[in-house]
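Dear colleague,

Please find the structure below, handed over for your records. My notes on it follow directly after.

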Amino acid sequence: MAKAPRQGPYICGIDAALDVVSGKWKGLILWELDTWRVRRFAELRRGLPGVSEKMLTQHLRELEEDGLVNRKVYAEVPPRVEYSLTEHGRTLNQALAPLGAWGSERIRREGTETVATAETSPG
């Protein structure tokens, strides 16, 4: 079954924004790439416990189609592929920052458990 394109019509700006970041993993992919700047596929997968290879691939393709993520392929054997945020992706991450702060406050307030990741943030 073909997926409908993410091109509206939209009710408002929030509708358009949520269309781009819909899905459990997209916001986390944006966060991971903002934190680390450049990540390879396996590094992204380790940083997002629970994501399947299929979902990560699908979300990375959609984020690339939406102009939020760069995919750089190096002509090596075996091929090396790196992902990073575009400028457009960085502005979306900045827009999501207040939502992340709200979520962190909710975690603190409710004493909700968080998931440990395989890697910690740099610096």
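How many residues of β3 are buried? In β3, 6 of its 6 residues are buried, and the strand is thus described as mostly covered; buried means under 20% relative accessible area, exposed over 50% and partly exposed in between, with a 1.4 Å probe and protein chains only. Arg 80, Glu 82 and Ser 84 point one way from β3, while Val 81, Tyr 83 and Leu 85 point the other way.

Before the remaining findings, a word on the basis of the work. This is a predicted model, in which local features need pLDDT of at least 70 and side-chain atom pairs count only at pLDDT 80 or more, whereas totals for chains, interfaces and linings use all residues. Residues are numbered from 1 along each chain as its sequence is written, and side-chain values use heavy atoms, with hydrogens and water left out.

The sheet

The chain has 5 helices and 3 strands, in the order α-α-β-α-α-β-β-α from the N terminus on. Helices (H or I, at least four residues) and strands (E, at least two) are DSSP runs, numbered from the N terminus. The 3 strands form an open antiparallel sheet in the order β1-β3-β2; two strands pair if DSSP finds at least two bridges between them. β1 (38–40) and β2 (69–74) stand at the edges with a single partner strand each, so one side of each is left without a neighbour in the sheet. On average, neighbouring strands are turned by 30° against each other, direction ignored, with axes as lines fitted to C-alpha atoms.

β3 (residues 80–85) pairs with β1 over 3 bridges, and 6 bridges join β3 to β2. Tyr 83 of β3 is the bridge partner of Arg 39, and Arg 71 also stands opposite Tyr 83. A hairpin of 5 residues connects β2 to β3.

The chain as a whole

The C-alpha atoms fill a box of roughly 50 × 40 × 30 Å along the principal axes. Of the 123 residues, 25% count as buried. Among contacts (heavy atoms within 4.5 Å) between residues at least 6 apart in sequence, 52% join residues at least 24 apart. The chain exposes about 8500 Å², of which carbon and sulfur atoms supply 56%; the areas come from the Shrake-Rupley method with a 1.4 Å probe.

Yours sincerely

Conventions
Axes fitted to C-alpha atoms, helices over the stretch in contact; angles between N-to-C directions.
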